[in-house]
Amino acid sequence: MESSKKTRLNLPAGMETNLRLEPVPAINFTPPPKITSPSKTTYSDRFIPCRSSSRLQNFNLVDKPSPKKEGSNEAYLRLLRAEMFGTESCTGSPCSPVSPSKIFRYKTEHPSPASPLAGLGSGQDLGSNGLVEVSTPTKAPRKIPKTPHKVLDAPSLQDDFYLNLVDWSSQNLLAVGLGTSVYLWSASTSKVTKLCDLGSRDGVCAVQWTREGSYLAIGTGRGEVQIWDSTKCKKIRNFSGHQTRAGVLAWSSCILSSGSRDKNILQHDIRVPADFISQFAGHRSEVCGLKWSHDDRELASGGNDNQLLVWNQRSTQQPILRLTEHTAAVKAIAWSPHQHGLLASGGGTADRCIRFWNTANGKILNSIDTGSQVCNLAWCKNANELVSTHGYSQNQIMVWKYPSMAKLATLTGHSYRVLYLATSPDGQTIVTGAGDETLRFWNIFPTAKTSTPVRDTGIFSMGRTHIR
């Protein structure tokens with residue numbers, strides 16, 4: 001037992017009895033306290049949603065009966081839906097499967113009716129009596145200038161309802177027939193050019209530009225139709241065939257139609273040597289209105305016999321439509337650029353109405369009594385609006401919104417019937433002519449990009465100038 005208690009140190013002899021080793025007490029080290037920063041937040045790497053708090057009713061998950069396939073496992077479908085949408089989504093037994101078309105179709109969540117402001121959203125205010133007043137912001141109407149921004153003197157401009165003496169080309173040239181001569185006025189430079197003079201034994205009855213704006217057709221008092229090159233001031237073609245004056249012209253892409261006091265409509269093709277290639281005979285009096293549709297498929301004609309006829313180019317024997325609701329001469333004709341087959345027409349002094357037609361079935365769509373003789377109609381290509389010019393008894397110009405036919409503006413200034421109308425290439429400005437021997441320019445239509453008011457351009461002055 002004593003040998004086990006002996007020290008195991010190798011000490012020199014005699015030192016072992018003098019040395020006494022005492023045990024050293026153990027020292028306990030306390031680790032410092034762990035300090036957690038209050039601004040630091042520990043995030044986990046996953047987010048597990050709580051299905052029980054999900055508002056699945058917002059996704060319009062309405063059960064609809066769906067055809068069951070043979071061998072379907074109702075237990076499997078019930079388990080699958082419980083795993084996807086929670087157990088509370090299954091109120092009945094068994095759970096019907098959810099239609100895939102209903103998933104994630106959001107619908108508005110209605111506020112609790114317990115709140116006194118329930119249903120009060122944007123655009124709603126509380127009135128003085130505590131009731132909810134809904135204030136819908138209204139768009140300010142477009143301001144249309146009531147005065148022309150340019151006036152041109154046009155001596156010898158005739159006061160004849162059956163003539164068409166003003167047209168505006170796509171190259172911004174205005175053609176005007178004054179007596180026996182035709183003048184060209186550049187809207188860009190205000191330069192005036194005399195194109196031709198027919199002589200003392202003839203007179204200008206109609207002018208009409210091609211769609212490209214390079215050539216001008218002129219109808220004469222002797223029944224001829226002339227084609228002029230406006231850049232060279234040179235006549236390139238002369239068509240005969242009418243027995244008396246040709247007072248109205250209309251171009252399609254390659255066909256020129258002319259209407260005359262002889263009641264006939266002739267089709268001219270400048271690519272062939274013949275004077276005309278076909279003849280439409282359907283009116284019982286002078287033809288005073290002609291317009292091709294925008295797709296060149298149909299030609300509308302109006303006459304002093306109060307008829308509005310619609311022709312198909314392939315059928316020359318009889319018109320495809322004969323519309324007889326007008327009670328006066330039909331000169332004002334316009335095809336809508338916004339709706340295929342929509343045709344507007346206006347009647348003379350005894351009629352005073354603008355009528356709208358569906359040429360697909362010949363039915364009348366609307367009729368508006370304007371209170372005055374309708375001389376011209378023109379659609380705006382930038383907006384669904386149209387303008388009408390009038391004669392007896394108010395000589396006014398009216399701008400309409402289609403299809404409501406709300407009157408946007410009434411413009412006055414001419415002292416005679418507003419017999420002539422043409423639209424600028426940009427569709428923003430119109431020019432009107434009357435027997436008071438003036439041409440007036442009006443900014444009435446919006447631009448193609450915006451519906452903001454049209455501002456006067458600086459190149460026009462309010463001073464009156466001469467066109468010749």
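Strand β21, which spans residues 342–347, is mostly covered, since six of its six residues are buried, where buried means under 20% relative accessible area, exposed over 50% and partly exposed in between, with a 1.4 Å probe and protein chains only. The model is predicted, so that local features need pLDDT of at least 70 and side-chain atom pairs count only at pLDDT 80 or more, while totals for chains, interfaces and linings use all residues. Residues are numbered from 1 along each chain as its sequence is written, and side-chain values use heavy atoms, with hydrogens and water left out. The secondary structure comes to two helices and 31 strands, taken as DSSP runs numbered from the N terminus, with helices being H or I of at least four residues and strands E of at least two.

- β20 and β21 pair in the antiparallel sense over five bridges, pairing being assigned if DSSP finds at least two bridges between two strands; Ser345 of β21 is the bridge partner of Ile333.
- Six residues separate β20 from β21 in a hairpin, and Gly341 in that turn has a positive phi of about 80°.
- On to β22 (residues 353–358), β21 again pairs in the antiparallel sense over five bridges, and Trp357 of β22 is the bridge partner of Leu343.
- The hairpin formed by β21 and β22 has five residues between the strands, with Arg352 in the turn at a positive phi of about 65°.

**The largest pocket**

- About 1,200 Å³ of space lies in the largest pocket, a volume being the space filled by probe spheres set on grid points that are joined across faces, edges and corners.
- On a 1 Å grid over the protein atoms alone, a pocket is an open set of points with protein on both sides within 12 Å along at least five of seven lines, in contrast to a cavity, where a 1.4 Å probe fits but cannot get out; lining residues have an atom within 4 Å of a point.
- The lining consists of 45 residues, of which Asp167, Trp168, Gln208, Lys291 and Thr423 lie nearest the pocket centre.
- Elements that give two or more residues to this lining include β4 (166–168), β8 (204–209), β20 (330–335) and β28 (418–423).

**Loops and backbone geometry**

- Ser169, in the loop between β4 and β5 (173–178), is buried with a relative accessible area of 2% and touches Trp209, Gly213 and Pro425, not counting residues up to four places away in sequence, contact meaning heavy atoms within 4.5 Å.
- Asn172 lies in the loop between β4 and β5 and has a phi near 70°, a positive value in a residue other than glycine.
- Arg314, in the loop between β18 (308–312) and β19 (321–323), counts as exposed at 82% relative accessibility.
- The loop between β25 (385–390) and β26 (397–401) holds Ser393, and the peptide bond from Tyr392 to Ser393 is cis, with omega near 10°.
- Asn395 is placed in the loop between β25 and β26, with a positive phi near 55°, and is buried at a relative accessible area of 14%.
- Pro403 lies in the loop between β26 and β27 (406–411), and the peptide bond from Tyr402 to Pro403 is cis, with omega near 10°.
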